[in-house]
Amino acid sequence: MAEVQTIHDVACGFCGLGCDDLTVEVEGRQVRATAPVCPEAARLLRRLDTADPVARVAGEVNSQADAAKAAHHILAAARAPVIGGLGVDMAGAGAAVDLAIRFGGVLDHYASEGLFRNYAAAQRTGWLSTTLAEVRNRCDVLLVVGDDPTLSWGRLFERLFPATPLFAGANRRVIFLGGAPGEKALAQLAGAHVVHHTTTDAVAALEALGSLIAGRRPPGESFGGLKADTLAGLAEELRNAHYAVVTWNAADLADGDLVAERATALVDTLNVSTRAGVFPLGGRDNIIGVNQLLLWRLGYPLRTAVQGRASRHDGTLFATEAALSDADVLVWISAFRPEPPPDFGGKIIALAHPETVFDKEPDVFIPVGTPGVDHAGTVFRMDSIVSLPLGALRVATLPSVAEAVRRIAEG
């Protein structure tokens, strides 16, 4: 049997929270996270000592080299490719942009819906955003809009509410406006005072709350299912806070752009007399890093089409679902998790996690390694401030996305 190697302070690149204190045991090619770890990280880091799948072309086993050649030929003949998924590290994202420059195509991340709901608000009004470290060390009143975020970010409140913050006092408060906090959230917030208010319309509640903070009492007895007096009490709490923060997950809110806009207006009003910021949640599978890279390389964010020497951005037209309606080839890239490609009638080239289960066999399947497991890489944290280095945990037998893309480009 192989010797068990224990690795401490492992960084996790899956949800965007940027936890870098994991302990992982590696035994040969087996990998298992021990503690502290959330269920998602435990699942996505876990590897068994089994043979990796091999590349396939039209369902038939092929070498990586032949699969890359087949992908090259498909892209060379493509009229309108979409390069989607984009669950990659920074090197893989750069290679994907190079591929778009070489063959043309629309670039979009599979989790970009929440990002663009936030963009819609930021484009209309701008916003004063804060960072994970600022929330952790300074925030004394946190307003959480929507469902309990620990369903998606298992250690969120553990990271935001340490036992001994640097600057915040002992009387930290968390106000849930929407779904009730679960047992996990309450356990992580044991040192804070937690309040829950159910709302039937978060947008209406936030709009009224913003008016009350500004000293204007809107006409009516209730807003979004909350009594005006209850909202007036919340407004007073936020006005009296030393550092209030509003957080939400736009991807899970049907009116996520409007929630972001009302939260931004509320924070703007608070900043006239105190200090406040917004902390939008997101960051799954390095979407923040991929978006940053497109901005650096192309001058546009995700949902950008590259054709020849020109790039063109449209947040609606070049969203994956819309772009696929006019596409003939989908290049699907998902290295962090076995996320399958969307339903698509054209040709599919999949550079995917080895455990991916496909509803439709791709025309070309090239299994790739996972950043932070099979090879080193870099990702960005959800607040876009910190880039996080990921280390390899075992000897790789699969190429990285960057390596696989280079082989395709060379043909």
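Modeller: The structure holds 7 aromatic pairs, where rings of Phe, Tyr and Trp (its six-membered ring) pair if their centres lie within 6.5 Å, with planes under 30 degrees apart counted as stacked, over 60 as edge-to-face and the rest as tilted. This is a predicted model: local features need pLDDT of at least 70 and side-chain atom pairs pLDDT 80 or more, while totals for chains, interfaces and linings use all residues. Residues are numbered from 1 along each chain as its sequence is written, and side-chain values use heavy atoms, without hydrogens and water.

Biologist: Which kind of pair do Phe 157 and Phe 176 form?

Modeller: Their ring centres are 5.7 Å apart. The planes meet at 70°, so the pair is edge-to-face.

Biologist: How many residues apart in sequence are the parts that this pair ties together?

Modeller: Phe 157 belongs to helix H6 (residues 156-160) and Phe 176 to strand S9 (residues 173-178); helices (H or I, at least four residues) and strands (E, at least two) are DSSP runs, numbered from the N terminus. The pair therefore ties together parts separated in sequence by 19 residues.

Biologist: Which ring does the charged end of Arg 172 sit over?

Modeller: A charge sits over a ring if NZ of Lys or CZ of Arg is within 6 Å of the ring centre and within 35 degrees of the ring normal. For Arg 172 the distance to the centre is 4.3 Å, and the ring is that of Phe 161.
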